[in-house]
Amino acid sequence: MAYIAISNFGHLSAHLNLLDLALIPIHSAIKNSHNPDLDGLCDRGEYFIGQGFIAIQTFVATAYPQTGISKLRALEVPPLVKNNLSFVAAINAGANYCKHMEEWGLRNAMERNTEALTRPALATIQTIKKLTPWDDYTCSNLLAVLLNGSERTELSLLLPLILEWQNNLMEISH
């Protein structure tokens with residue numbers, strides 16, 4: 001069982017490194033742009049960051065079933081990031097946001113109308129709001145929080161936290 005998770009961690013690491021190859025020049029271009037939003041750089045970065053969150057969510061979904069631990073319990077396993085929220089719960093919310101935000105309706109998303117959201121969508125937003133406001137470029141803002149405001153924005157910098165979560169998960173499953 002552990003072999004599969006270790007193998008998947010290697011795949012995830014390679015995937016995040018590939019996404020970083022796209023993110024690093026975008027981040028550099030944002031720093032040099034007079035209007036990165038108008039230049040489309042922020043949207044581009046948001047896309048790649050969201051895809052990274054989805055890749056991590058997929059890794060989590062393959063790791064916890066091997067331990068016999070429920071998804072809800074797995075989402076509580078440390079490391080914790082802020083407001084007693086686990087790193088993995090934050091990633092899960094970021095991935096769900098990326099995958100489903102378009103379904104919530106453009107007007108609802110632009111106006112941040114939580115009353116018009118379904119229960120799963122509202123739960124996603126409530127989780128994200130524990131770390132960062134629901135605002136433009138939510139995935140980028142979430143990544144900045146998860147990286148403790150580091151100047152570097154590579155998704156691969158999350159790998160130690162993912163490994164820590166996996167180790168904690170394996171430890172509590174024994």
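Q: Why are H4 and H6 called oblique to each other?
A: Helix H4 (residues 87-100) and helix H6 (residues 119-129) pack at an angle of about 130°, with their axes 9 Å apart. Angles under 35 degrees count as roughly parallel, over 145 as roughly antiparallel, 65 to 115 as roughly perpendicular, and the rest as oblique. H4 and H6 are therefore oblique. Axes here are lines fitted to C-alpha atoms, for helices over the stretch in contact, and angles run from 0 to 180 degrees between N-to-C directions. This is a predicted model, in which local features need pLDDT of at least 70 and side-chain atom pairs pLDDT 80 or more, while totals for chains, interfaces and linings use all residues. Residues are numbered from 1 along each chain as its sequence is written, and side-chain values use heavy atoms, without hydrogens or water.

Q: What makes H4 and H7 roughly antiparallel?
A: H4 and H7 pack at an angle of about 165°, with axes 10 Å apart. That angle therefore puts H4 roughly antiparallel to H7. Contact means heavy atoms within 4.5 Å, and Phe87, Ala90, Ile91, Gly94, Tyr97 and Cys98 of H4 make it with Thr138, Cys139, Leu142 and Leu146 of H7. By class, eight of these residues are nonpolar, two polar and none charged.

Q: Why does Gly count as polar here?
A: The nonpolar class holds Ala, Val, Leu, Ile, Met, Phe, Trp, Tyr, Cys and Pro, the charged class holds Asp, Glu, Lys and Arg, and the others count as polar, so Gly falls among the polar ones.

Q: Why are H2 and H7 called oblique?
A: Their axes come within 8 Å and cross at roughly 60°, and H2 and H7 are therefore oblique to each other. H2 brings Gly45, Glu46, Ile49, Gly50 and Phe53 to the contact, and H7 brings Thr138, Cys139, Ser140, Leu142, Leu143 and Leu146. The classes are six nonpolar, four polar and one charged.

Q: What makes an open space a pocket?
A: On a 1 Å grid over the protein atoms alone, a pocket is an open set of points where a 1.4 Å probe fits, with protein on both sides within 12 Å along at least five of seven lines; lining residues have an atom within 4 Å of a point. The second largest pocket has 19 lining residues, with His27, Ile30, Ile49, Ser140 and Thr153 nearest its centre. Two or more lining residues come from each of helix H1 (2-32), helix H2 (41-63) and helix H7 (138-146). The lining divides into nine nonpolar, seven polar and three charged residues.

Definitions and conventions: Helices (H or I, at least four residues) and strands (E, at least two) are DSSP runs, numbered from the N terminus.
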